[in-house]
Amino acid sequence: VAQFPHNGNGGFTYDAIVNSGTVTLDQDIVIQAFTLNGATLTGDHDLTLGGRLMWSGGSLSGAGALNANAGVTITNTTGTPTLRRTLNLAPDTTSTLGGPVQFIGGVLNNAGILNYTADATLFIGGGTGNAINNSGTFAKTAGTGSTNIGAGVAFTNTGQVRVDTGTLLIGTG
């Protein structure tokens, strides 16, 4: 039986905070919340979160998916986050991105509300297979300048794109 750190409640929920190094998933794992501060999460298995993903830098890589069932907050305080795996944002969630995310073979599937709160190139493409699939709401909610979704990132929208302030450029930068 695998053992994971628990929140002191008899082992019913688990949180993880990773500040450095590499965590490799060798099995599918379900935890409550996950904080990634400049480290790397990798592996061929899925990480499913009941709580929020807090991502201030580092890399999500590997063939598995990260299922953020309570959304994500990206702050860019320890560097530019790099997406090299699939990140799924569940319906009925609100996520906040406060800076750029570098895509290197990464896929972002948004079914919730994704608020971008900065003027910057939001998604920088490198490698192949980079994609944003929006079936929820993608919104630029702060900043009076331009936000760019980079040309190296395919943007497919079957939901809503909203610009509350500034300018949103798709396929540039």
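Mentor: Let us begin with accessibility: a residue is called buried when its relative accessible area is under 20%, exposed when it is over 50%, and partly exposed in between, using a 1.4 Å probe and protein chains only. Val-161 is partly exposed, because its relative accessible area is 32%. Please keep in mind that this is a predicted model, in which local features need pLDDT of at least 70 and side-chain atom pairs count only at pLDDT 80 or more, while totals for chains, interfaces and linings use all residues. Residues are numbered from 1 along each chain as its sequence is written, and side-chain values use heavy atoms, with hydrogens and water left out.

Trainee: Where does Val-161 lie, and which residues form a nonpolar patch on the surface?

Mentor: Strands, by the convention used here, are DSSP runs of E with at least two residues, whereas helices are runs of H or I with at least four, and both are numbered from the N terminus. Val-161 sits in strand β18, which covers residues 160-163. Patches are built from residues with over 30% relative accessible area and no salt bridge, like charges being joined within 9 Å and nonpolar side chains (Val, Leu, Ile, Met, Phe, Trp, Tyr) within 5 Å. The accessible areas themselves come from the Shrake-Rupley method with a 1.4 Å probe, and for residues only the protein chains shown count as cover. In this model Val-161, Val-163 and Ile-170 form such a patch, with about 210 Å² of accessible area together.

Trainee: How many salt bridges are counted by the rule?

Mentor: Side chains of opposite charge can pair when their charged atoms come close. The rule asks for a side-chain nitrogen of Lys or Arg within 4 Å of a carboxyl oxygen of Asp or Glu, and it gives two salt bridges here. In one of them, Lys-140 and Asp-119 meet with an N to O distance of 2.7 Å. Because Lys-140 lies in strand β15 (residues 137-140) and Asp-119 in the loop between β12 (113-116) and β13 (121-126), the pair ties together parts that are 21 residues apart in sequence. Lys-140 counts as buried at 0% relative accessibility, while Asp-119 counts as partly exposed at 37%.

Trainee: What does Asp-164 form a salt bridge with?

Mentor: The partner of Asp-164 is Arg-162, and the closest N and O atoms are 2.8 Å apart. Asp-164 is partly exposed at 45% relative accessibility, and Arg-162 is partly exposed at 30%.

Trainee: Which residues of the largest nonpolar core touch the most other members?

Mentor: A nonpolar core is a set of buried Ala, Val, Leu, Ile, Met, Phe, Trp, Tyr and Cys residues joined through side-chain atoms within 4.5 Å. The largest one holds 35 residues, of which Phe-34, Leu-53, Leu-66 and Phe-123 touch the most other members. Strand β6 (residues 53-68) gives the most to this core, with five residues. A contact means heavy atoms within 4.5 Å, and Phe-123, leaving aside neighbours within four places in sequence, has contacts that include Leu-97, Phe-103, Phe-138 and Asn-148.

Trainee: Is Asn-148 buried or exposed, and what does its side chain make a polar contact with?

Mentor: A polar contact is a pair of N or O atoms within 3.5 Å; within protein, one must be able to donate a hydrogen and the other to accept it, and residues adjacent in sequence count only if both atoms are side-chain atoms. Asn-148, in strand β16 (residues 146-149), is buried with a relative accessible area of 14%, and its side chain makes a polar contact with the side chain of Thr-121 at 3.5 Å. Asn-67, in strand β6, is buried at 17%, and its side chain makes a polar contact with that of Thr-48 at 3.1 Å.

Trainee: What does the side chain of Asp-46 reach?

Mentor: Asp-46, in the loop between β4 (33-43) and β5 (47-49), reaches the backbone nitrogen of Ala-65 with its side chain at 2.8 Å. Asp-46 is partly exposed at 27% relative accessibility, and among the residues that Asp-46 touches beyond four places in sequence are Leu-25, Gly-64 and Asn-67.

Trainee: Which value of phi does Asp-92 have?

Mentor: Most residues other than glycine have a negative phi. Asp-92 has a positive phi of about 60 degrees although it is not a glycine, and Asp-92 is exposed, with a relative accessible area of 83%.
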